[in-house]
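Reader: I've got the sequence and the model open, and I'd like to go through the labels one by one. Can we start with what counts as what?

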Amino acid sequence: MTTAEVGRPGPRGRPDRPPSGVRPPGRPRDARADGAIIEATLQTLATAGFTGLSMEAVAARAKVGKATLYRRWSTKNTLVADALATLVETAEPVDTGSLRDDLVAWLNTVRRHNLQTLAGRIMPRLLAEREAHPELFETYRQQVMEPFRQQAAKVLARGVAAGELPADLDIDLITDMLVGPVAYRQYTSGYNEVSGTRIAQVVDTLLGGILTRPRVRPAPADEADEACGADGDAPEIPGAGAVAVAGAGETSDGAARAGSRRAEAESTSV
């Protein structure tokens, strides 16, 4: 071997191999195992809740050894927290150009999310255990609930900017009022589907109470005086007095004629 060959670098991009028969410390981490563990954790949360979840059950569901699981997550709390963090959704709300249609579309997304996703099925489980494990529900609220609420806030803010909604609108309260009826119906009626018609009714009813309306401009004082007269009395109608007098005269003549007819009838009968 020449001196030049000793200093020549090996093939580019190939890592140096360890001596034959010597294995590097640790075990290569398998990303597929990570995904399987996270999925198994979420599925178990949806069916058994946090209290019913065990590391052994997750390992069995993910088809990995317990040692593999514990090398990645040493406690159930850290495992569940990391699993919940994968549920975050950051989709932008639709923009149809109609405040009403945008809110209906957003609320329909919330409706489907509650019934058709793991995150929606996990929420009632965590809510039931909120007192015992407030930190887990807070993680869920930040990762799953808050992004949806931010979508509603953007739609409502567009309505404020367009002048359709009042500038002092309590966006957080209105979001609660939109989600509340849908979530209540779903979670208290055995996950019954809320119809699209009901979604539209919720939005229309709420908008009916918060949409801005043009204010009636009070009439100026001089116009009011002209309408009612300077002293506040009702204005005179031309000719009204003559009509009244004529009507009174006609009434008097009719009474005289009726009296004359009665007198002639009495004299004839006598």
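Author: Helices are DSSP runs of H or I with at least four residues, strands are runs of E with at least two, and both are numbered from the N terminus. By that rule the protein comes to 12 helices and 0 strands. This is a predicted model, where local features need pLDDT of at least 70, side-chain atom pairs count only at pLDDT 80 or more, and totals for chains, interfaces and linings use all residues. Residues are numbered from 1 along each chain as its sequence is written, and side-chain values use heavy atoms, with hydrogens and water left out.

Reader: Why is Thr44 called buried?

Author: Buried means under 20% relative accessible area, exposed over 50%, and partly exposed in between (1.4 Å probe, protein chains only). Thr44 has a relative accessible area of 6%, so it is buried. Thr44 sits in helix H2 and touches Gly49, Leu53, Val58 and Arg61, leaving aside residues up to four places away in sequence. Contact here means heavy atoms within 4.5 Å.

Reader: And why is Asp170 called partly exposed?

Author: Its relative accessible area is 43%, so Asp170 counts as partly exposed. Asp170 lies in the loop between H8 and H9. From Ala153, Asp170 is 17 residues away in sequence and 9.9 Å away in space, C-alpha to C-alpha.

Reader: What covers the buried residues of H2?

Author: The cover includes helix H3 (55-62), helix H4 (66-72), helix H5 (76-85) and helix H7 (118-128). Among the buried residues of H2 are Ile37, Ile38, Leu42 and Leu45. In H6, the buried set includes Trp106, Val110 and Asn114, and the buried residues of H6 pack against H7, H8, H9 and helix H10 (196-210).

Reader: What makes a set of residues a nonpolar core?

Author: The members are buried Ala, Val, Leu, Ile, Met, Phe, Trp, Tyr and Cys residues, joined through side-chain atoms within 4.5 Å. The largest such core has 30 residues, and those with the most contacts inside it include Ile37, Leu45, Leu69 and Tyr140. H2, H3, H5, H7 and H8 each supply at least two of its residues, and the largest share, 7 residues, comes from H2. A second, separate core of 22 residues includes Ala152, Leu165, Leu169 and Val182.

Reader: What makes something a pocket rather than a cavity?

Author: On a 1 Å grid over the protein atoms alone, a cavity is a set of points where a 1.4 Å probe fits but cannot get out; a pocket is an open set with protein on both sides within 12 Å along at least five of seven lines, and lining residues have an atom within 4 Å of a point. Grid points are joined across faces, edges and corners, and a volume is the space filled by probe spheres set on the points. The largest pocket has a volume of about 240 Å³. Of its 15 lining residues, the closest to the centre are Val110, Asn114, Met145, Phe148 and Val179. Helix H6 (99-116), helix H8 (134-161) and helix H9 (171-188) are the elements that give two or more residues to the lining.
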